[in-house]
Amino acid sequence: MIAHKKKSLLSRSAPYLLAIYCIAVSLFFMAELGWFGLDNHLRATNQVLVLFALLLLPFIVMNMPNFVQSLTLKVSDKEFHIQLNELQESITGNLGKVERQVGTVEQALWPMLAGQDVLSSERLSASPRKIIIGSKLDTSHLFFTELIAQMLSRYVTDIECEIRYPNGGSLRNFADVKFRWIDLYIDFTGTCCQYFNISHKDKDGVPYTDEKIVEELNRYGENINMQWLAPWSASENYCLTISVDSAEKHGVKTLQDLKKVAHKLTFTADPEFLNRKDCYLGLKEYGIAFKDVLPCHVSERYAALETEEAQVFAGYESDPQIVMEEVIKLEDTEKYFPSYKAVPLVSLATLKSMPEIASVLNMLADKLHTERLNSAVANLAASGNSTYKAKEEVCAFIDEHFGKQDV
């Protein structure tokens with residue numbers, strides 16, 4: 001994971017930084033004393049020395065615990081004992097909290113503060129008409145964005161598609177549609193319910209149909225410049241996965257099994273999962289409490305699998321790691337996670353300018369299924385999320401369901 005890679009790099013560089021720091025300070029000091037003729041070649045003002053010290057001080061403090069575990073200072077007959085490893089953990093923990101907050105909310109802050117894109121109307125009335133397709137940072141969205149662009153380019157005249165992959169998390173894309181910085185993106189029914197605190201179940205606990213959820217969402221959409229189109233057959237449901245060794249060791253196959261042993265295991269997830277009621281926050285109410293929680297970047301959710309820093313992971317059912325049996329998907333026997341069907345979310349202003357967009361995207365509603373999406377995601381992941389491979393996968397899918405386009 002990114003945070004761990006940075007920490008590892010700093011840890012490795014700490015001895016060298018400390019050595020450079022000590023050598024430089026010693027040379028400056030000897031030059032000030034006029035030793036060895038250094039004063040003729042090396043001079044440093046007090047300000048330079050202070051700035052030099054301040055520059056390296058954060059690196060020294062953060063990495064000192066790698067070689068000095070504690071430090072005792074004696075001042076005016078009083079001793080001050082500092083446990084450096086505890087200090088490092090405290091600093092790292094606080095930085096982690098900041099990273100989690102920054103990773104979920106502030107992405108949507110910019111479009112909210114900037115307001116509506118004043119150039120959006122001009123963009124939609126130009127020739128060719130330009131639309132902007134947003135996306136989340138996930139391999140499936142690389143496929144989604146290319147699929148939308150190819151379909152619109154094929155069936156809508158006088159149009160130019162700009163893909164922004166990735167554009168940000170769920171909240172960022174949602175805000176961008178509302179304020180017309182992008183025209184559309186693919187979201188998921190379960191995620192959209194969280195925006196308006198809509199339950200995905202009736203009073204008897206029976207899940208609503210996807211069509212019912214979209215109908216309810218559009219009651220809100222009328223007032224905020226957006227519309228949800230027909231949901232697609234493909235889903236990308238959330239799930240929890242566990243390493244094969246941990247599953248065998250603890251006998252875990254379901255979320256119900258996980259409740260009994262979660263206190264022995266470390267869980268890792270991206271900031272969005274950790275801060276959502278239908279995800280980690282709800283899991284705690286569900287009775288799953290982990291020994292430790294390790295935040296990570298959404299694209300590196302399985303980085304801790306090889307290092308064994310974590311045993312349980314936030315997953316999507318399309319994850320290649322599940323298909324390749326590198327991890328085991330835990331059964332959601334009590335239907336904790338709602339359905340996450342892919343659903344296009346489009347600006348009303350864009351639909352007013354180009355109403356044909358809705359009919360084109362609705363053509364995909366019963367064509368793209370979860371198994372086909374999972375296959376595409378696995379292929380894209382194996383290619384390193386190649387844009388060329390995404391176009392290849394999309395062209396093959398379109399030709400399969402709509403026939404080859406005459407040149």
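1. A quick definition to start: a salt bridge here is a side-chain nitrogen of Lys or Arg within 4 Å of a carboxyl oxygen of Asp or Glu. Please keep in mind that this is a predicted model. By that criterion, the structure holds 17 salt bridges, and a few of them are worth a look on screen.

2. Start with glutamate 356 and arginine 129, whose closest N and O atoms are 3.3 Å apart. The glutamate 356 side of the pair is partly exposed, at 25% relative accessible area, whereas arginine 129 counts as buried at 15%.

3. Next, find arginine 154 and aspartate 399, a salt bridge with 3.4 Å between the closest N and O atoms. Here the pair links distant parts of the chain, with arginine 154 in helix H6 (residues 139-155) and aspartate 399 in helix H19 (residues 387-402), 245 residues apart. Arginine 154 is buried, with a relative accessible area of 18%, while aspartate 399 is partly exposed at 29%.

4. Then there is lysine 341, which forms a salt bridge with aspartate 210; their closest N and O atoms are 2.9 Å apart. Lysine 341 sits in the loop between strands E11 (327-329) and E12 (342-347), and its partner aspartate 210 in helix H9 (residues 210-221), 131 residues away. Aspartate 210 is buried, with a relative accessible area of 13%.

5. Finally, do look at the network: salt bridges link Arg372, Lys389, Glu392, Glu393 and Glu400.

Note on methods:
Residues numbered from 1 in each chain as written. Predicted model: local features only at pLDDT ≥ 70, side-chain atom pairs only at ≥ 80, totals over all residues. Heavy atoms only, no water. Buried < 20%, exposed > 50% of the residue type's maximum accessible area, 1.4 Å probe, protein only. Helix = DSSP H or I, 4+ residues; strand = E, 2+ residues; numbered from the N terminus.
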